[in-house]
Amino acid sequence: MTRPDAHLGTVFDVVNPATGQVFAQSPQHSPADLDTVVARACTAWPQWRADPVGRTAAMLDAAAAVEAAGAELATVLTREQGKPLAESRAEVARVAARLRHFSGLAPKADRIRDGRAVHTELRWHSLGPVAAITPWNFPLQLASSKIAPALAAGSTVVLKPSPYTPLATALLEQVLGSVLPPGVFGVVTGREPLGSQLAGHPDIAHVTFTGSIATGRRVAMQAASGLKRVTLELGGNDAAIILDDADIDRIADTLFWSAFRNCGQVCMAVKRVYAPTRLYDDVVTALTHRAREVVVGDGLDETTQIGPINNARQLERVEHLVADGRAAGARVAAGGDRPDRPGYFFAPTILADVPGDCAVVTEEQFGPVLPVIRYSNLDDAVQAANATRFGLGGSVWGTDLDRAAAVADRLECGTAWINHHAELSLAQPFTGVKDSGVGVAGGEWGMYGNLRPMVIHRPESGA
Ligand code: NAD
């Protein structure tokens, strides 16, 4: 899509978190630009929703176009977000896979049978153009988690990425623009109040937002004035409960990377570990060993395993939470400070002997810091895991899988794993409970989130 012209001369800086230096600029779109992009989405919508066969073909082409541009997308993503190139490549691959998966989904009409002599048919219609708002931790993957189900539903999409990471998404717009009809997918970039203007735009029918709980509340209020449908995927503070029959050597790598992938900046990362007294020292030792050994560096360096935190504000927050934990009596078993180098780096940190009520346990740290809390009674651990307003994911780790699954069933969250964490299939529903979300994304549930049911009654036969 050609960018609207009205933003000319108005840009904002984009920083490489591995250096702390500005390396690019992105357009600060104005309300008039936003109107233009939304108007294009409205114009494209009737044709797009009327042509399911064309949609499937276009989405398959879109997946191929993403793969063809994969190397460039991954490099831009690493430069603005900080994650290791291998993770960026995996993120791009996931975008293509998601487009392909959803190209095979389409709303299905259904007959409702209730014993009456009428023919009652349930049909599904696209709600209309969708506003998608994404955070900075997985800019491309989360964009695709909104774009693919909406496109499959026959909706068009206007997306606003985080101002920390606008570049890969703008490149995605170019890539998809080469294969999708004009206006089907548009991107606007900029700092606030652009997101709030998009969420409240009168021509938008559905707002799908991923980000923090605080912003999610604002988005919901903004959308409420227009009585728009809202889907919110919000923060998490996932607990991992280690059972007393866990085999620590076997689970330690998976447990560690479930907390530290993408530098811990994952909504569904393990953010607190509850370990039984009998295994407590073994758990801390295994995690500490890995935190000290892992290679931290610029994501563009192929040997890097953990990159920097994405932005200075988040780095300050992580530092503050660690300092607060220390003051409350936590022991720093690994890391605990910033390495002596430019950029927003923080050493992978394991906090042991952490009081269960300090902020690094009760709040979402969203960084490379993992508190390990000791428990002596499993019921107490389950209660502590559930004692927050978060409810995104959780996991239970042990060798008796039935017992572990029974404990997982007691967790108040949308998805729970046994001996794993944050492993998601494209076909499954994704939802958070309590403050972690509203509505269901993922799989066909995600597509139906962009649709409205319509029922047609007619006599079974005759006039
Ligand atoms: P954020 O809430 O600060 O920002 C998210 C997006 O909202 C950005 O694009 C931002 O520019 C925009 N925004 C800011 N104010 C707005 C407003 N008033 N109206 C509309 N849009 C506005 O979140 P973040 O710091 O970018 O991301 C981190 C958070 O996202 C964490 O809490 C994390 O857990 C959460 N997250 C959740 C999921 C999930 O699927 N549940 C996935 C990834 C991240």
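This is a predicted model: local features need pLDDT of at least 70, side-chain atom pairs count only at pLDDT 80 or more; totals for chains, interfaces and linings use all residues.

In which handedness of crossing does H2 pass H6?

The crossing is right-handed: that is how H2 passes H6. Helix H2 covers residues 52-68, and helix H6 covers residues 167-177.

H2 brings Ala62, Ala65 and Val66. H6 answers with Leu172, Val175 and Leu176. By class, this contact of H2 with H6 holds six nonpolar residues, with no polar and no charged ones.

H6 has another partner. Helix H3, residues 70-81, also packs on H6. Here the axes come within 8 Å and cross at roughly 160°. That angle makes H3 roughly antiparallel to H6, because the cut-off for that label is over 145 degrees. From H3 come Glu72, Leu73, Val76, Leu77 and Glu80. They meet Leu167, Ala168, Leu171 and Leu172 of H6. The classes read seven nonpolar, no polar and two charged.

Helix H4 (residues 85-103) packs with helix H5 (residues 139-152) at an angle of about 10°. The distance between the axes is 9 Å. H4 is thus roughly parallel to H5, as angles under 35 degrees get that name. On the H4 side, the contact includes Val92, Val95, Leu99 and Phe102, together with Glu91, Arg94 and Arg98. On the H5 side, Pro139, Leu140, Gln141 and Ser144 are among the residues involved, as are Ser145, Ala148, Pro149 and Ala152. This contact of H4 with H5 counts nine nonpolar, three polar and three charged residues.

An open sheet of three strands runs in the order S3-S4-S18, and its pairing is antiparallel. Strand S3 (110-112) and strand S18 (451-459) are the edges. Each has a single partner strand, so one side of each has no neighbour in the sheet. On average, neighbouring strands here are turned by 35° against each other, direction ignored. S3 is joined to strand S4 (residues 118-126) by three bridges, and the two run antiparallel. Within this pairing, Asp110 stands opposite Leu122 in S4.

Two backbone details are worth checking on screen. The peptide bond from Glu192 to Pro193 is cis, and omega is near 15°. Pro193 sits in the loop between strand S7 (185-187) and helix H7 (194-199). Asn262 has phi near 55°, a positive value in a residue other than glycine. The loop that holds Asn262 lies between helix H9 (248-260) and strand S11 (270-276).

The chain divides into domain 1, which is 11-234 + 432-456, and domain 2, which is 238-418. Their C-alpha centres lie 30 Å apart. Across the boundary, 28 residues of domain 1 contact 33 residues of domain 2.

Conventions. Residues are numbered from 1 along each chain as its sequence is written. Side-chain values use heavy atoms; hydrogens and water are left out. Axes are lines fitted to C-alpha atoms, for helices over the stretch in contact, and angles run from 0 to 180 degrees between N-to-C directions. Helices (H or I, at least four residues) and strands (E, at least two) are DSSP runs, numbered from the N terminus. A crossing is left-handed if the near helix is turned anticlockwise from the far one by less than a right angle, and right-handed if clockwise. Contact means heavy atoms within 4.5 Å. Ala, Val, Leu, Ile, Met, Phe, Trp, Tyr, Cys and Pro count as nonpolar, Asp, Glu, Lys and Arg as charged, and the others, Gly among them, as polar. Two strands pair if DSSP finds at least two bridges between them. Domain bounds come from an automatic or database domain assignment. Angles under 35 degrees count as roughly parallel, over 145 as roughly antiparallel, 65 to 115 as roughly perpendicular and the rest as oblique.
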